[in-house]
Amino acid sequence: ELPGDIAGRLEAEALAVLAGLAAHPRILAFWQPRFRRFAEWFADTEPARRRHVVRQLAEVEGSLAFAAPGGPFKLTARADRIDVLAAGGLFITDYKSGTVPSQKRVASGAAPQLALEAAIAAGSGFEGLGAGPVLGLRYVKATGGEPPGLEQPIEVPDIADLARKALDGVQRLVARFDDP
């Protein structure tokens, strides 16, 4: 359950930031209703995302080092959100204000961001987290338009396999760059 009137608090914070950046009243007139719609959508849908969550981390730094032909390479990431689940696994969420990669692009490795974050998580690479299986990946799109928000889980048969393939792809790419 979310504390208090989260939609109102989100809107107030967003408007405070926007007011400081707004160069013209039209900008505020365009964005204010969008912020309100997204905040309401988020407040309505967030309790379901928090179900079975025992701990939540936001903007958490992570890294994973591996050997490469030119010397050690360090892959880094900042996960928007990692939920630690009561079942003992992790759920990684990325927030997008623009286009969300399709299932096909994620599964094929063409959009590897969440898969690489899963690889880092599997290797105990995120600050404050031990190793644990990644049980879910998702994007949350924030538009404020119609619809105001969208939750898109990544549906693949095996997240660990997706993570391994994404990491293998980065390792191959680094090896190519290391080859003069």
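Read along the sequence, the protein follows the pattern α-α-β-β-β-α-α-β-β-α, made up of 5 helices and 5 strands, where helices (H or I, at least four residues) and strands (E, at least two) are DSSP runs numbered from the N terminus. The model is predicted, and local features need pLDDT of at least 70, side-chain atom pairs count only at pLDDT 80 or more, and totals for chains, interfaces and linings use all residues. Residues are numbered from 1 along each chain as its sequence is written, and side-chain values use heavy atoms, with hydrogens and water left out.

The C-alpha trace spans about 55 × 40 × 30 Å along its principal axes. Of the 180 residues in the protein, 39% are buried, a class that means under 20% relative accessible area, with exposed meaning over 50% and partly exposed in between (1.4 Å probe, protein chains only). The accessible surface of the protein comes to about 10,300 Å², of which 57% belongs to carbon and sulfur atoms; these areas come from the Shrake-Rupley method with a 1.4 Å probe, and for residues only the protein chains shown count as cover. Taking contact as heavy atoms within 4.5 Å, 63% of the contacts between residues at least 6 apart in sequence join residues at least 24 apart.

**Helix H4 and Glu 117**

Of the 10 residues of H4, 8 are buried, so this helix is largely enclosed by the rest of the structure. The buried residues of H4 include Leu 114, Leu 116, Glu 117 and Ile 120, and what covers the buried residues of H4 includes strand E1 (53-66), strand E2 (73-85), strand E3 (90-96), strand E4 (134-142) and helix H5 (159-178). Glu 117 sits in helix H4 (residues 113-122) and is buried yet has no salt bridge, the nearest side chain of opposite charge, Lys 96, being 7.9 Å away. Leaving aside neighbours within four places in sequence, Glu 117 is in contact with Ala 77, Arg 78, Ala 79, Ile 92 and Phe 126. After H4 comes Ser 124, whose phi is positive, near 60°.

**Charged side chains**

The structure holds 12 salt bridges, each being a side-chain nitrogen of Lys or Arg within 4 Å of a carboxyl oxygen of Asp or Glu. Three of them are listed here.

| Salt bridge | N to O distance |
|---|---|
| Glu 46 and Arg 49 | 2.8 Å |
| Glu 151 and Arg 138 | 3.5 Å |
| Asp 161 and Arg 164 | 3.9 Å |

Glu 46 and Arg 49 are 3 residues apart in helix H2, separated by about one helical turn; Glu 46 counts as buried at 1% relative accessibility, and Arg 49 counts as buried at 4%. The salt bridge of Glu 151 with Arg 138 links distant parts of the chain, with Glu 151 in strand E5 (residues 149-153) and Arg 138 in strand E4, 13 residues apart. Glu 151 is partly exposed, with a relative accessible area of 32%, whereas Arg 138 counts as buried at 4% relative accessibility. Not counting residues up to four places away in sequence, Arg 138 touches a set of residues that includes Arg 49, Arg 81, Asp 83 and Glu 151. Glu 46, Arg 49, Arg 50, Arg 81, Asp 83, Arg 138 and Glu 151 are linked in a network of salt bridges.

In helix H5, Asp 161 and Arg 164 lie 3 residues apart, about one turn of the helix; Asp 161 is partly exposed at 26% relative accessibility, and Arg 164 is partly exposed at 47%.

**Aromatic pairs**

A search of the whole structure finds 4 aromatic pairs, in which rings of Phe, Tyr and Trp (its six-membered ring) have centres within 6.5 Å, with planes under 30 degrees apart counted as stacked, over 60 as edge-to-face and the rest as tilted. The rings of Phe 38 and Phe 42 have their centres 5.8 Å apart and their planes at 40°, so the pair is tilted. Both residues, Phe 38 and Phe 42, lie in helix H2 (residues 25-50), 4 residues apart, about one turn of the helix; Phe 38 is buried, with a relative accessible area of 18%, and Phe 42 is buried, with a relative accessible area of 11%. Another tilted pair joins Phe 66 and Phe 73, whose ring centres are 5.3 Å apart with planes at 40°. Phe 66 counts as buried at 8% relative accessibility, while Phe 73 counts as partly exposed at 31%. Ring pairs also link Phe 38, Trp 41, Phe 42 and Tyr 95 into a cluster.

Technical notes:
Lys and Arg count as positive and Asp and Glu as negative; His and the chain ends are not counted.
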